[in-house]
Amino acid sequence: MAAGRPPKPPPDGGWGWAVTAGAFITLFFTNGLPQSFGVFYVEFRDYFQASAKSVSLIGALMFSMVFFMSPISAGLANTKGCRPIAMVGGVLASLSLVISSFAPGLKFLYIFMGILTGFGFSLGFVPCLGIIAQYFKKKHIMATAVSMSGVALGTIIFPPLCNRMINKYGWRSSLFILGAMTMNILVGSALFRPLNPTQVETDEESSCSDSEADSVSRLDAESTDVESASDSSESEDSTITKRKRRTKEIRASDTNGKPKALDLSVFKSYRYLLICVICVLAGMSFVTSVIFLVPYATSRGIPLKMAAYLMSVFGLVNFLGRLLQGILANAGLLTPTKFLCVHLLIITVANFLIPFGKSYVAFVVYAVFAGLSIAGMSALFPALIRGMVGDEKFQSGVGLSQLFVGSGQFLGPVISGTLIDKTGGFKAAFMFSGFLAILSFVLMLLEPVLHKLELAKELTKESEEKDIAITKTE
């Protein structure tokens, strides 16, 4: 395809829905499978006779690496393409889980089940967000919600499935089987067909010169020849101007079209910096709900089989919540910032109340509210970031923000695990999670204020530039 042609707008449909299905399959494993760690947490503590902090570090590494390595994943996806990077991630995660099944101790699991499996999942996760952003604009939230519902479906299926496999085959064989299943990431990512980044020129553009799209140097030569004619008419002058302008457009397009591994200019936005801080705090809060819900329930005398189904309830609500919010967004009824505030309040109340719950029903209610809250955060954050940084910087913006989510998801289990060891129970950990959620809510209230300040700054800058241009003209 010739250089310099203007980019196509996202098709908002067509093959994009096949891409969405591929992302659904990929995210089912990359972000859905880790939700079952709570089941393995109980087994690892019994088998290795280890502390809560030591065992929770495995889950902390797996969860955090998915997000912590997102900048690297985003850079690779930008330069190498979404499909090949996601496939490499699937192979890495699959092999790492298989090798983890032979673990002689926790340190072995830290490396293979935690770091390498998490990195593999990260290589699959970020390209899903990037490829969907390429295919969708108006329906971006809807497509993201549908694809991210794969995470929720994984949360429904994997915890009880892992519990059944552990009871029948043991945790080692279960990890081996999960590793083999994870190869299905290659099936999903195979659908990530790259979107053709250019479109055919209009007849008006093509009539200027057929050779313009093929060779910038030829345009330069033609323009020079025309300029050298002293008896050029007004129509020839017009041709010169048009060709000069077209040459500049082609050169600019060629320069801008080169993909950057990561665009750090996103950090110039105060809104984006605020979101990164919220990502750390929310990441610390949400991971507690996922990792420690099942162990907390078993500590209250609930059988492991029933406790594992709590994650299925969590996943079902999460699944329906993502789809519902996608529909609302597609209908124009969803404002990301306001809904994010609502979801942060929901998880805050849930975390503060669950320490007082004693029955299985109380844990089911908590799973419902936690699933709904996390569904909203996952579906709306990409759209919020896209609105801040734009389409060209979206993949860099998402990748870098996930670095902060990963930091939070690493610190959360470590701090919560320490609180569990110190207090001998889970109450302090969930109260701490509630405090982080309410702090995130307060910071989120500042986002509209910063948005108005940035808009005012842009308007002032544009006004100053116009004044300078008028002064030069006079």
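View 1. At 2% relative accessibility, asparagine 318 counts as buried (buried means under 20% relative accessible area, exposed over 50%, and partly exposed in between, with a 1.4 Å probe and protein chains only). The residue belongs to helix H14, residues 304-330; helices (H or I, at least four residues) and strands (E, at least two) are DSSP runs, numbered from the N terminus. A polar atom of the asparagine 318 side chain lies 3.2 Å from the backbone oxygen of glycine 371. A polar contact is a pair of N or O atoms within 3.5 Å; within protein, one must be able to donate a hydrogen and the other to accept it, and residues adjacent in sequence count only if both atoms are side-chain atoms.

The model shown is predicted, so local features need pLDDT of at least 70 and side-chain atom pairs count only at pLDDT 80 or more, while totals for chains, interfaces and linings use all residues. Residues are numbered from 1 along each chain as its sequence is written, and side-chain values use heavy atoms, with hydrogens and water left out.

View 2. Serine 289 lies in helix H13 and is buried, at 1% relative accessibility. Between isoleucine 291 and serine 36 the C-alpha to C-alpha distance is 8.1 Å, although they are 255 residues apart in sequence.

**View 3. The salt bridge between glutamate 447 and arginine 271.** One salt bridge is found in a search of the whole structure; the term stands for a side-chain nitrogen of Lys or Arg within 4 Å of a carboxyl oxygen of Asp or Glu. The partners are glutamate 447 and arginine 271, and their closest N and O atoms are 2.7 Å apart. The pair links distant parts of the chain, with glutamate 447 in helix H19 (residues 447-473) and arginine 271 in helix H13 (residues 270-299), 176 residues apart. Both glutamate 447 and arginine 271 are buried.

View 4. A pair of aromatic rings is described by the distance of the centres and the angle of the planes. The whole structure holds 22 aromatic pairs. Rings of Phe, Tyr and Trp (its six-membered ring) pair if their centres lie within 6.5 Å; planes under 30 degrees apart count as stacked, over 60 as edge-to-face and the rest as tilted. Tyrosine 41 and phenylalanine 292 make an edge-to-face pair, at 5.9 Å centre to centre and 85° between the planes. This pair joins distant parts of the chain: tyrosine 41 is in helix H2 (residues 37-48) and phenylalanine 292 in helix H13, 251 residues apart. Tyrosine 41 is buried at 2% relative accessibility, and phenylalanine 292 is buried with a relative accessible area of 0%.

In another pair, the ring centres of phenylalanine 48 and tryptophan 171 are 5.9 Å apart and the planes are at 55°, so the pair is tilted. Distant parts of the chain are linked here too, with phenylalanine 48 in helix H2 and tryptophan 171 in helix H8 (residues 171-182), 123 residues apart. Phenylalanine 48 is buried, with a relative accessible area of 19%, and tryptophan 171 is buried at 6% relative accessibility.

**View 5. Glutamine 49 in a loop.** Glutamine 49 lies in the loop between H2 and helix H3 (52-68). Its phi is near 50°, a positive value in a residue other than glycine. With 65% relative accessibility, glutamine 49 counts as exposed.

**View 6. Arginine 193 over tryptophan 15.** Arginine 193 lies over the face of tryptophan 15, at 4.4 Å from the ring centre. A charge sits over a ring if NZ of Lys or CZ of Arg is within 6 Å of the ring centre and within 35 degrees of the ring normal.

**View 7. Alanine 428 in helix H18.** Alanine 428 is found in helix H18, residues 427-444, and is partly exposed at 26% relative accessibility. Alanine 428 and serine 416 are twelve residues apart in sequence, and 7.9 Å apart in space from C-alpha to C-alpha.
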